[in-house]
Amino acid sequence: MEVGSVTGWGMVGLAGVIAAGFYYALCIAGAAEQKGKRAVELGGGSLTREQVKSHYHQYAAFFEKPKQIETPGNVPNLVDTFYNLVTDIYEWGWGQSFHFSPAVPGKSHRDETRLHEEKVADLLQLKPGQRVVDVGCGVGGPMRAIAAHSQSHVTGITINDYQVARARSHNKKAGLDHLCEVVCGDFMNMPFEDNCFDGAYSIEATCHAPVLQDVYAEVFRVLKPGHLYVTYEWVTTPQFRADNAEHVEIIHGIEHGDALPGLRSYKEVGEIAKAAGFEVLQDRDLALPPAHPWWKRLKMGRLSYYRNHVVIALLSFLGIAPQGVVDVHEMLFKTALHLTRGGETGIFSPMHLLVCRKP
């Protein structure tokens with residue numbers, strides 16, 4: 001056989017390996033844990049393809065002009081824009097539950113997530129047939145776990161209409177649409193009657209509220225007397241020092257990359273709940289030892305990030321993914337670094353637990 005033929009066949013083989021690698025990366029690897037999204041389906045939520053890049057720059061501009069993010073009226077639009085930009089990437093690279101969980105030795109990420117969600121149902125003491133509201137439900141990963149675990153009826157609310165459609169689709173595919181419903185709305189002004197729910201919870205969602213007491217007051221309003229509200233809050237911990245430049249940079253990085261109007265201190269959240277009328281039964285940080293590091297998954301996922309970034313850049317270059325998706329993905333990677341440092345230094349927790357009762 002001629003050398004040229006061997007070289008030619010070698011090139012064909014190499015091309016085949018590369019093509020197979022891209023197929024694996026685009027259509028198999030990096031998909032959400034529940035196979036909710038593939039790389040070739042990444043988009044901008046309710047935004048058109050042409051709007052993604054400009055809306056990303058608008059989002060970034062909020063944090064370049066602090067007075068904008070400090071104005072409560074601007075925050076709902078900011079959060080809606082943020083979730084249009086990131087929902088597909090979150091589903092593709094993380095899963096359908098947009099939150100962290102303590103690492104559990106011997107358990108998969110999916111199992112760690114499920115256990116963290118089922119803990120909410122157990123703390124609420126939910127019973128089959130009861131009605132519970134998920135305050136800031138995203139695409140509904142937690143609501144499906146809680147509904148399946150407790151057989152309660154869960155109504156989720158999210159400000160983003162694209163997430164409503166995604167959650168309803170997932171609910172139907174999971175065979176849980178008879179227990180789960182989602183509405184589009186602002187959790188600071190919920191479209192529900194007074195005293196209508198047997199339980200309420202929020203999982204790393206109320207951090208988006210410009211005024212936390214307004215959310216707690218709404219939860220208090222829709223919850224039946226004598227019933228419970230459980231929330232996992234994003235907070236700065238006792239280790240945070242406002243005069244430490246690294247600490248401030250970490251917290252600002254988390255706020256910028258997660259559409260937060262400002263992180264609260266661990267000391268504030270319980271007092272705010274009391275001001276809204278609740279009795280606070282538990283007020284503690286689930287990230288503290290003996291809990292295992294919640295940020296471990298972020299560190300383990302760095303290789304996946306680089307792979308995913310190459311995939312997204314290629315899709316954007318080919319015109320499959322909208323312009324601007326690469327910028328969003330890069331922003332999320334930088335945020336992951338800040339979150340990891342927040343965990344390593346102990347100055348930030350995404351799982352400060354409050355268990356509250358409406359008298």
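**Cysteines**

Trainee: Is Cys137 buried or exposed?
Mentor: Its relative accessible area is 4%. The cut-offs are under 20% for buried, over 50% for exposed, and partly exposed in between (1.4 Å probe, protein chains only). Therefore Cys137 is buried.

Trainee: What kind of model is this, and how are the residues numbered?
Mentor: This is a predicted model, where local features need pLDDT of at least 70 and side-chain atom pairs count only at pLDDT 80 or more, while totals for chains, interfaces and linings use all residues. Side-chain values use heavy atoms, leaving out hydrogens and water, and residues are numbered along each chain, as its sequence is written, from 1.

Trainee: How many disulfides are there?
Mentor: A disulfide is a pair of cysteine sulfur atoms within 2.5 Å. By this rule the count is zero.

Trainee: How many helices and strands does the protein chain have?
Mentor: Both are DSSP runs numbered from the N terminus: helices are H or I, at least four residues; strands are E, at least two. The count for the protein chain is 13 helices and eight strands.

Trainee: What share of the contacts in the protein chain is between residues 24 or more positions apart?
Mentor: Contact means heavy atoms within 4.5 Å. The share is taken over contacts with a separation of 6 or more. It comes to 78%.

Trainee: Which residues have the most contacts inside the largest nonpolar core?
Mentor: A nonpolar core is a set of buried Ala, Val, Leu, Ile, Met, Phe, Trp, Tyr and Cys residues joined through side-chain atoms within 4.5 Å. The largest one has 43 residues. A second, separate core has 29 residues, including Leu42 and Val325. In the largest core, the residues asked for are Tyr201, Trp234, Ile254, Trp294 and Phe348.

Trainee: What phi does Gln151 take?
Mentor: Gln151 sits in the loop between α6 and β2. It is partly exposed, at 38% relative accessible area. Its phi is positive, in a residue other than glycine, and is near 60°.

Trainee: What does α7 reach from its first C-alpha to its last?
Mentor: Helix α7 covers residues 161–173, which is 13 residues.

Trainee: Which residue caps the N-terminal end of α7?
Mentor: Look for a side-chain oxygen 3.2 Å from the backbone nitrogen of Tyr162. That oxygen belongs to Asn160.

Trainee: Which elements do the buried residues of α7 pack against?
Mentor: The buried residues include Tyr162, Val164, Ala167 and His170. They pack against α4 (75–93), α6 (141–150), β2 (153–158) and β3 (180–184).

**Local details**

Trainee: Which side chain makes a polar contact with the side chain of Asp198?
Mentor: Asp198 lies in strand β4 and counts as buried, at 12% relative accessibility. A polar contact is a pair of N or O atoms within 3.5 Å; within protein, one must be able to donate a hydrogen and the other to accept it, and residues adjacent in sequence count only if both atoms are side-chain atoms. At 2.8 Å, the partner is Lys224.

Trainee: Where does UniProt place the feature "transmembrane region"?
Mentor: UniProt positions follow the numbering used here, with shortened feature names, and annotations may be inferred rather than shown by experiment. In the model, residues 305–325 are 67% helix and 0% strand. The unreviewed UniProt entry places the feature at residues 6–29 and 305–325.

Terms used. The expected span of a helix is 1.5 Å times one less than its number of residues.
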